Amino acid sequence: MISITSYRKYLISVLQRENSPELLRNVFCKSLYVFLFAKIIFLEPVLKEVIAYLPVELNSTWHHILYAPIKLAQVALNVFLLLIQIVILIALFVRVNYFTSALIFWFSFSLSRLTQPLANGSDQVLNLFLFISIFLSAKPSLPATLKESQKIISNFAWLLCQLQLVLIYLLSGYDKLMSKAWRSGDAIYSITNLETYSNPWFAITLNKSIFAVIAWWVILFELSFPLLIWFSRFRIPILIIGFLFHMGIIFFLNLPDFGIIMILSYILFIPYQRENKILSSS
Amino acid sequence: MKQRLTTIILLLLSLHGLFSLAFIFDPPVLPPSRLATFYKVYLLPGPFFTESRIIESQSLHLSWKMKDQWQPPINTSKENYDNYRACFNPTYLFRSRLEHTFYVRILREPYASLEKKERAKEIEQLRQYLSDTYVPKEADSLRIVMIKSRAQNFKVKVDSLQMIFAR
């Protein structure tokens, strides 16, 4: 009961805090935009083929509205790409605001639908954070009577992003814990045999015990992250372990987009006091 | 106003937390619902590297016949991966994923549940793509060998499917 009360007090203090981590919010949102911008540049040469060979069929009126950018891409791909890139560039040079955030999310969501055959977890994570980040912005400022509510919603969005990251790890960790193949290490053996994922530079012959140790290390990391990240004492060490883990995914499994988006999401947990120090020293 | 909004948000946050935990642990008593689907598709990305997605690995080997001779097969998806590793240009990675999609669909099981018409469309899309992208115009036939390997219980089992098309 005491812990529920203190948890509630903590949440209220987070939601109503005055000095919100604005620098971190800007860095987080803009790093998502840079990621999307880079993705579009590298996707561009393949997009024509995706549209030509695996066209998206929009069946309902609702889909036509929701995925209107796809219609534009199917008619004039270059215009569609140019438009997204211009919006992202504007968003990068102005303060994070509701309009550009919402537009970027809409474009990104449509792009993910268009490129579904090439999509992986990174698209889902990116779109989720882009959606929540619409509410992260506190610009344009609302009238004085609503300013307080605007700040609370912005703080809520930040907390929600943190919560979502934690849930992603919890879901993956729990699924692995329930899987016999992960518990025995067989899953790591399977991954090393994925022709298109595992990196032959690092191809080494391991025995069953080492496979099991690696698998359990992954399970324990994914299950401990959601808990330990909330304690300032463990925050930095768990972020460093997570960073190394995702770098491993980038190089060993050739999944740079997934590894990068997960590393970017760690901005959400950069200790807040440190940001104050950075701000006061500048 | 401030207190009311904070209370509403706390309530929403608690509800979201409860729903998320319910859909993560997914007890058998939980009936399938639209809310569960929405959560799983949009709000709870993952789980990643699930057993079903890492056990099977597929590859495609393409060769074509020119002047009465079959050319040495190429593994297009693998070549794209190798190019990515050589220069870290993600475009190769995206192309590799696109090609992978074409043949993973064809190799998926069970074939019986798939309508003949739909399967024929998928095969035609693959043939058309390979023909347009890799096969020289002078070639009169093309041969596709798709290999499905299953790495499970510390053993690898391999199965293959061959298709020959006239141009």
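Which helix of chain A holds Asn26(A)? Select Asn26(A): the residue sits in helix H2 (residues 22–53) of chain A. Helices here are DSSP runs of H or I with at least four residues, strands are runs of E with at least two, and both are numbered from the N terminus.

Before moving on, some ground rules. This is a predicted model, in which local features need pLDDT of at least 70, side-chain atom pairs count only at pLDDT 80 or more, and totals for chains, interfaces and linings use all residues. Residues are numbered from 1 along each chain as its sequence is written, chains are lettered from A and ligands numbered from 1 in the order in which they are written, and side-chain values use heavy atoms, with hydrogens and water left out.

**Stop 1: Asn26(A)**

Stay on Asn26(A). Its relative accessible area is 24%, so the residue is partly exposed. The classes are buried (under 20% relative accessible area), exposed (over 50%) and partly exposed in between, with a 1.4 Å probe and protein chains only.

**Stop 2: Ser137(A)**

Go to the loop between H7 and H8 of chain A, where Ser137(A) is found. Is Ser137(A) buried or exposed? It is buried, at a relative accessible area of 2%. Show its side chain. A polar atom there lies 2.8 Å from the backbone oxygen of Ile134(A). Next, display Val96(A), Asn97(A), Tyr98(A) and Ser101(A). Ser137(A) is in contact with these, leaving aside neighbours within four places in sequence. Contact means heavy atoms within 4.5 Å.

**Stop 3: helix H13 of chain A**

Select residues 256–264 of chain A, which form helix H13. Eight of the nine residues are buried, so the helix is largely enclosed by the rest of the structure. Among the buried ones are Pro256(A), Phe258(A), Ile261(A) and Leu264(A). What covers them? Both chains contribute: the cover includes H2, helix H7 (121–133), H8 and helix H12 (232–252) of chain A, with helix H4 (76–87) and helix H5 (90–107) of chain B.

Asp257(A) is also buried. It forms a salt bridge with Arg97(B), with the closest N and O atoms 2.8 Å apart. A salt bridge is a side-chain nitrogen of Lys or Arg within 4 Å of a carboxyl oxygen of Asp or Glu. Between chain A and chain B the count is two.

**Stop 4: the A–B interface**

Colour the contact residues: 73 from chain A and 62 from chain B. About 6000 Å² is buried between the chains, and carbon and sulfur atoms give 68% of it. Buried area is the accessible area (1.4 Å probe) that two parts lose on being put together, summed over both. On the chain A side, pick Tyr53(A), Leu171(A) and Glu195(A). These lose the most area to chain B, together 12% of what that side buries.

Polar contacts link 17 residue pairs across the chains, both residues at pLDDT 80 or more. Helix H8 (residues 144–178) of chain A gives the largest share of the chain A side, 18 residues. By class, that side has 44 nonpolar, 16 polar and 13 charged residues. Ala, Val, Leu, Ile, Met, Phe, Trp, Tyr, Cys and Pro count as nonpolar, Asp, Glu, Lys and Arg as charged, and the others, Gly among them, as polar.

**Stop 5: the sheet of chain B**

Switch to chain B. Its open sheet has four strands in the order E2-E1-E3-E4, with antiparallel pairing. E2 and strand E4 (155–166) stand at the edges with a single partner strand each, so one side of each is left without a neighbour in the sheet. Two strands pair if DSSP finds at least two bridges between them.

Select E1 (residues 56–66) and E3 (residues 141–152) of chain B: ten bridges join them. One to show is Ser63(B) with Arg143(B). Then take E2 (residues 69–70), joined to E1(B) by two bridges. Here Lys65(B) partners Trp70(B). The hairpin has two residues between these strands, and Lys67(B) takes a positive phi near 50 degrees.

**Stop 6: backbone details in chain B**

- Phe154(B), in the loop between E3 and E4, has phi near 60 degrees.
- Phe88(B), in the loop between H4 and H5, has phi near 55 degrees. At 41% relative accessibility, it is partly exposed.
- Pro47(B) lies in the loop between helix H2 (34–43) and helix H3 (51–55). The peptide bond from Gly46(B) to Pro47(B) is cis, with omega near 0 degrees.

Notes:
Polar contact = N/O pair within 3.5 Å; in protein donor to acceptor, adjacent residues only side chain to side chain.
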